[in-house]
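Hi,

Here is the structure I promised to pass on. Have a look, and my notes on how its parts meet follow below.

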Amino acid sequence: MMGSRTIKALVIAATIVALWEAVVRLGLVNQIILAAPSDIALAAAKDGGLFLRAFATTIMEIGAAILIAWTLGIGLGVVVGSLPVLAAATAPVLSSIFAIPLIILYPLLMAWLGIGPLSKIVFGVLSGFFPIALNTIDGVRAIERRYLLFARSVGATRLQTYVRIVFPLALPAMLSGLRIGTGLVVIGVIVTEMLASLGGIGFLISYHRTLFNTGHVYLGMVLALAIAVTVNIGLTWLDRRIGLWRMREQAEG
Amino acid sequence: MPIIEVSKLGKDFSSGRVLVRALADVSFSVEEGRFVTLVGPSGCGKSTLLQILAGLIAATSGEVRIEGERICAPMPNKISMVFQDPTLLPWKTALANVEFPLDLRGVERTARRKRCSALLELVGLNEFANHYPHELSGGMRQRVAIARGLAPDPRLILMDEPFAALDEQTRTRMGHDLLDIWEKTGKTVFFITHSLAEAIYLSDFVLVMSPRPGRIIKTIAIDFPRPRELDIIGSEAFGRIRNRIWHLISESPA
Amino acid sequence: MRAALAGYLTIAIVLLGGWELTARLDLVDADLLPSLSQVCGILWQLLHDPRFIADLGLTASEVAVAFVIAAPLAISSGFLLGERLHLAEAFNPVVHFVLAVPQSIFLPVFILAFGIGFLEKILFGITHAYFVILVNSFAAVRSIPRPLVAAARVFGATRAQIYTRIYLPAMLPLILTGLRLGMVLCIIGVLLAEMYASRRGIGRLIFTWGEGYQVPELLAAIVLVSVLTIAVNEAMRLAELHLGRFYARASAV
């Protein structure tokens with residue numbers, strides 16, 4: 001049995017789709033710029049298999065990049081954050097580098113690594129790494145001394161202190177970094193696929209754009225957006241699970 | 001053998017080119033099972049002394065022995081500390097917080113749970129075992145911290161102004177309950193406070209410390225019978241001791 | 001502050017020195033990583049090449065025009081939404097959607113609609129800058145302490161006085177941050193659009209050099225763009241710091 005909220009949402013969605021179809025069919029918007037839902041469905045029927053394979057490639061690249069970016073970002077972030085001198089020295093540098101449009105590095109990666117999945121994964125890692133590392137560093141640095149004093153007084157080993165006290169305390173900050181960084185990983189991979197690639201959703205989007213197959217282009221975009229939105233939802237869920245910590249801001253303060 | 005023996009303890013801090021002498025020639029001893037309080041003006045080095053006793057920082061000169069052993073690192077099995085800020089782990093329940101020291105040590109779960117539930121009951125919080133720190137009041141959090149301090153069954157409990165952040169009524173009640181817990185568990189307590197009334201009410205002995213560089217001016221024995229009721233605070237004898245300590249502190253050369 | 005400077009210098013020396021050393025010691029194939037000195041030489045030549053300067057100027061002008069259009073639009077929208085919260089509630093889902101979704105994915109649609117000329121680049125840049133500045137301006141308006149405004153009215157302040165003496169100083173820090181982030185995103189958007197499909201511009205050059213394995217020129221351009229974007233970012237950050245601080249003091253309660 002569906003709740004009334006779900007029904008309401010579905011009705012709104014159906015209305016939007018219908019309006020969308022109408023707007024294109026009635027010629028209100030050029031069909032080359034905006035594909036009608038029926039055009040998208042047609043493209044899916046025609047080349048669904050190809051798109052699915054590309055989808056799989058993109059997911060694989062994104063997955064690998066997320067894994068590496070998380071590990072490197074958190075790992076380095078914890079290490080640098082724990083060493084105050086290092087943190088003070090590197091944090092400003094890292095945040096300045098953030099201003100560089102990373103996309104200009106992609107042609108370099110193309111020259112070095114070719115246009116296969118590897119260059120996409122590396123670029124994805126680069127995109128996500130900085131916000132994750134920076135936020136983790138901030139999170140670790142912000143840990144109040146009294147927790148570390150407590151850890152020592154209660155006889156925690158170095159490893160125990162890191163895993164059971166430092167890590168959970170830094171988690172809220174880490175999570176903001178992970179949210180931003182993971183989003184950037186997804187964008188990074190898809191955009192570089194669009195620029196130059198052998199496969200993947202981005203590649204198909206670009207390819208069909210040059211042929212003015214707007215239906216295919218929009219199909220690709222829908223799939224790409226689906227990935228982005230799913231990742232976002234996943235991260236929100238993670239955020240909420242760990243949200244317990246947030247309450248401490250109001251309490252332990 | 002006294003549980004704490006401090007002889008000619010000195011501590012210097014160097015910040016840049018300036019040398020700060022925090023403690024100079026501190027000597028005293030504490031017998032087992034006693035409740036001893038250290039009072040002194042702000043900045044006299046009370047917290048520094050406590051941290052040395054806990055093994056968190058090293059002395060510059062002199063000797064500190066806990067149960068005859070020289071202390072150079074924290075001894076979590078023998079010594080527990082309760083800080084002014086309860087410093088509970090926000091993502092753990094009250095019970096989990098109390099269990100934490102034992103958890104670190106790898107104590108088996110059922111034994112751990114049993115012991116720590118009993119401790120929470122001792123401090124009057126057994127109904128709140130599954131509550132999180134942010135759901136508890138300041139006084140309750142401090143009780144959890146005390147229970148946590150008792151978890152490893154230490155010989156000595158060091159307390160650094162644990163009730164300073166609480167309002168007066170809660171503070172008084174906590175003091176009374178702490179005495180109750182102390183009498184039931186028989187631990188040695190070394191307590192630091194600014195409040196002379198608190199010190200006199202709680203302790204067997206009050207160590208009076210001078211302003212920086214801190215040294216023990218006098219040890220005052222408190223002879224009120226135990227268990228102590230809160231109404232002794234208003235008595236004449238209490239007032240006299242209090243005045244005495246106050247004069248000792250204010251007349252001591254800075 | 002000093003630690004930060006030391007950090008910058010150390011990292012710069014380590015990276016640049018390492019680069020030069022790696023090339024000199026032939027640790028890496030010179031085709032993959034030409035030496036720093038070689039790249040600097042090429043950069044010097046490029047800076048004297050009128051075509052290169054023209055491309056650089058074109059990109060810069062695209063960024064500037066897009067920013068100059070987006071900023072006032074976004075600030076005023078943010079202001080309006082901040083003052084009329086019912087409007088804000090209506091637009092909230094739209095803004096949230098846009099921010100959750102990687103805007104870069106829509107580049108092919110921009111090209112289908114507007115071609116690959118000056119206009120398309122500017123429009124793309126505008127959309128990138130607009131939303132960030134909007135969100136920050138909205139937050140800026142919301143951050144104004146209402147009791148202060150009420151008190152000012154009681155004392156008979158005119159509308160103009162309230163706007164200049166209270167609104168402006170209170171809003172300035174967040175607006176400046178928004179502008180800086182907007183600029184960063186605008187630059188990214190314009191460069192991406194150029195790299196993707198364009199006839200002229202630095203982005204186009206970079207991509208072409210990447211495709212053609214012309215690594216020295218590519219590195220030279222990357223270095224140049226990095227330096228320029230960092231400079232712009234730091235300049236705006238300084239303005240943020242000083243103007244923000246000045247106005248904060250001027251309006252201090």
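Chain B splits into domain 1 (32–59 + 71–78 + 156–254) and domain 2 (88–153), with bounds that come from an automatic or database domain assignment. Bear in mind that this is a predicted model: local features need pLDDT of at least 70, side-chain atom pairs count only at pLDDT 80 or more, and totals for chains, interfaces and linings use all residues. Residues are numbered from 1 along each chain as its sequence is written, while chains are lettered from A and ligands numbered from 1 in the order in which they are written.

Back to chain B: the centres of its domain 1 and domain 2, taken over C-alpha atoms, are 24 Å apart. Where they meet, 13 residues of domain 1 are in contact with 11 of domain 2 (contact means C-beta atoms, placed from the backbone, within 7 Å). On the domain 1 side, helix α5 (residues 168–185) of chain B gives the largest share, six residues. Helices here are DSSP runs of H or I, at least four residues, numbered from the N terminus.

Now the chains. Two pairs are in contact, and A and C share the most contacts. There, 39 residues of chain C meet 36 of chain A. α10(C) gives the most to chain C's side, nine residues, and that side divides into 31 nonpolar, seven polar and one charged. Chains B and C have no contact, their closest C-alpha atoms being 16 Å apart.

Cheers

Technical notes. Helix = DSSP H or I, 4+ residues; strand = E, 2+ residues; numbered from the N terminus. Nonpolar A, V, L, I, M, F, W, Y, C, P; charged D, E, K, R; others polar.
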